[in-house]
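The stops below are meant to be selected one after another.

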Amino acid sequence: MSSAPAGDTRHLASAPIVVGIDGSAGARTALLWAAEIARDRGRELHIAYGTDLASAGRVFNNYDLAEPAVLDRLRAHGDALVARELIAVREAVPEVQVGTEVSGEHPARMLLRHSATGYLVVLGAHGSGGFAAHLGSILLSVTSRADGPVVVVRTESDEQARPRPGGPVVVGVDGSPLSEAAVAAAFEEAAERGAQLVAVHAWSDLTFGSFVGDPYTWFPMSDIEVNEEEILAERLAGWQEKYPEVSVRRHISMSEPAGHLQRWSESAQLVVVGSHGRGGFRGLLLGSVSNALVQHAKCPVMVVRSIQEQRAHD
């Protein structure tokens with residue numbers, strides 16, 4: 001494994017892949033997915049569980065929470081859960097080195113802390129029994145505020161849970177500087193996996209489904225396509241020089257980037273998106289495209305915050 005650039009703690013050999021668990025089937029699938037990545041990249045897998053004692057304090061009164069029996073039960077539950085997941089990893093991926101943690105922090109705060117130094121943070125997303133219509137609060141907090149890449153592993157069907165080693169890595173490129181971090185992460189993932197990279201770029205974020213007629217007849221498409229090809233080529237050029245072994249395919253569409261990326265997710269092994277794009281509203285935790293992909297993609301989704309967003313948050 002190559003040494004990390006100065007100041008880049010994520011690429012240190014010691015940086016682990018961190019997985020948040022909660023005892024659900026979705027978290028177990030995410031854990032095993034992360035274990036395989038950790039094995040393949042020679043990294044430690046860190047299983048983390050947050051007991052959230054502060055929230056427990058709002059349920060129990062201060063006297064009860066101070067009772068050793070209450071604290072012991074909370075810790076024992078976390079210890080038992082982590083031990084069970086550790087056994088599952090050792091049975092499925094015995095080669096990987098595993099560390100564990102039971103923290104008194106809120107799960108989101110714990111994972112955000114790890115996102116600053118971990119190689120990757122991984123979370124599971126529930127199917128119809130959980131986040132069917134909207135993102136859960138922990139998932140939303142971590143994907144929108146993490147200092148490093150976060151992968152959400154969706155498991156609504158057996159097909160989604162199975163790896164697709166032959167599929168491409170797909171990245172959404174909106175042409176703005178905000179997508180640069182996502183492009184960088186996508187090239188790295190494609191290189192690590194020996195996969196083709198598909199760069200998907202839409203001229204507009206608009207959805208024309210409610211309009212009458214064919215919107216493609218309203219605009220000078222030949223001129224638009226030439227211009228968008230130039231924008232996409234410019235965004236990819238430096239990264240193609242850095243990763244010459246990665247084969248790149250470009251896909252340009254008129255509109256609806258989320259819909260195109262979702263369709264690509266049916267054959268991809270990973271989709272990479274920025275947490276916000278060119279049309280994002282500052283008040284929203286996640287942009288419309290990343291929000292849609294995390295909820296509906298048919299493969300794992302990596303969400304990457306831009307350097308500009310991280311500086312603004314800091």
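This is a predicted model: local features need pLDDT of at least 70, side-chain atom pairs count only at pLDDT 80 or more; totals for chains, interfaces and linings use all residues.

Residues are numbered from 1 along each chain as its sequence is written, and side-chain values use heavy atoms, with hydrogens and water left out.

**Whole chain.** Colour by secondary structure: there are 12 helices and 10 strands, where helices (H or I, at least four residues) and strands (E, at least two) are DSSP runs numbered from the N terminus. Of the 314 residues, 48% are buried, that is, under 20% relative accessible area with a 1.4 Å probe, protein chains only. Contact means heavy atoms within 4.5 Å; among contacts between residues at least 6 apart in sequence, 79% join residues at least 24 apart.

**Helix α1.** Select residues 25-40. This helix has 16 residues and spans 23 Å from first C-alpha to last, close to the 22 Å expected at 1.5 Å a residue; the expected span is 1.5 Å times one less than the number of residues. Show side chains for its buried residues, including Trp33, Leu31 and Ile37. After α1 comes Gly42, with a positive phi near 65°.

**Helix α6.** Select residues 137-145, where Leu139, Ser141, Val142, Thr143 and Ser144 are buried.

**The α5 and α6 pair.** Hide the rest. The two helices pack at about 25°, with axes 9 Å apart; axes are lines fitted to C-alpha atoms, for helices over the stretch in contact, and angles run from 0 to 180 degrees between N-to-C directions. α5 and α6 are therefore roughly parallel to each other, the term for angles under 35 degrees. On the α5 side the contact is made by Pro107, Ala108, Leu111 and Leu112, and on the α6 side by Ile138, Ser141, Val142 and Arg145. These residues divide into 6 nonpolar, 1 polar and 1 charged. Here Ala, Val, Leu, Ile, Met, Phe, Trp, Tyr, Cys and Pro count as nonpolar, Asp, Glu, Lys and Arg as charged, and the others, Gly among them, as polar.

**Val303.** Finish in strand β10, at Val303. Why does Val303 count as buried? Its relative accessibility is 1%.

How values were computed
Buried means under 20% relative accessible area, exposed over 50%, partly exposed in between (1.4 Å probe, protein chains only). Angles under 35 degrees count as roughly parallel, over 145 as roughly antiparallel, 65 to 115 as roughly perpendicular and the rest as oblique.
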